Amino acid sequence: MAPNDAEMAARQGLSDDMDQIAKDMAGLRADLQGLTGDVKRLGGHQIENMQDTANAALEEVAAAVRRNPLTAVAIAIGAGFLYGVLTRR
């Protein structure tokens, strides 16, 4: 039994729809790859910013220790004692 004209038209329409879906999927895939690249770049910049902030804070702490070495030692001893008390069983 041969397909009639209506079935042929429906099959052609379905084929066209499938082709369009494949093109849309390819476009979405390309967009997703672009977004992934953007996120990587932004993440890299954020990491650099956090590293700069951490380095600045470390330099500030080092300068404070140089200005007040006895205070820094007293704080370290107190923190160590407190840690020992809290972790003792």
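Mentor: Accessible areas here come from the Shrake-Rupley method with a 1.4 Å probe, and for residues only the protein chains shown count as cover. By that method the chain exposes about 8,100 Å², with carbon and sulfur atoms supplying 64% of it. This is a predicted model: local features need pLDDT of at least 70, side-chain atom pairs count only at pLDDT 80 or more, and totals for chains, interfaces and linings use all residues. Residues are numbered from 1 along each chain as its sequence is written, and side-chain values use heavy atoms, leaving out hydrogens and water.

Trainee: Why is Leu14 called exposed?

Mentor: Buried means under 20% relative accessible area, exposed over 50%, partly exposed in between (1.4 Å probe, protein chains only). Leu14 has 52%, so Leu14 is exposed.

Trainee: What makes Asp38 partly exposed?

Mentor: Its relative accessibility is 35%.

Trainee: What makes the contact of Asp38 and Arg41 a salt bridge?

Mentor: The rule asks for a side-chain nitrogen of Lys or Arg within 4 Å of a carboxyl oxygen of Asp or Glu. Asp38 and Arg41 meet at 2.2 Å, N to O. The count by this rule is 1 salt bridge.

Trainee: How do you know that the chain is more spread out than a compact globule?

Mentor: The chain has 2 helices and 0 strands. Its radius of gyration is 33 Å, well over the 12 Å from the globule rule for 89 residues, so the chain is more spread out than a compact globule. The radius is taken over C-alpha atoms; the rule is 2.2 Å times the number of residues to the power 0.38.

Notes
Helices (H or I, at least four residues) and strands (E, at least two) are DSSP runs, numbered from the N terminus.
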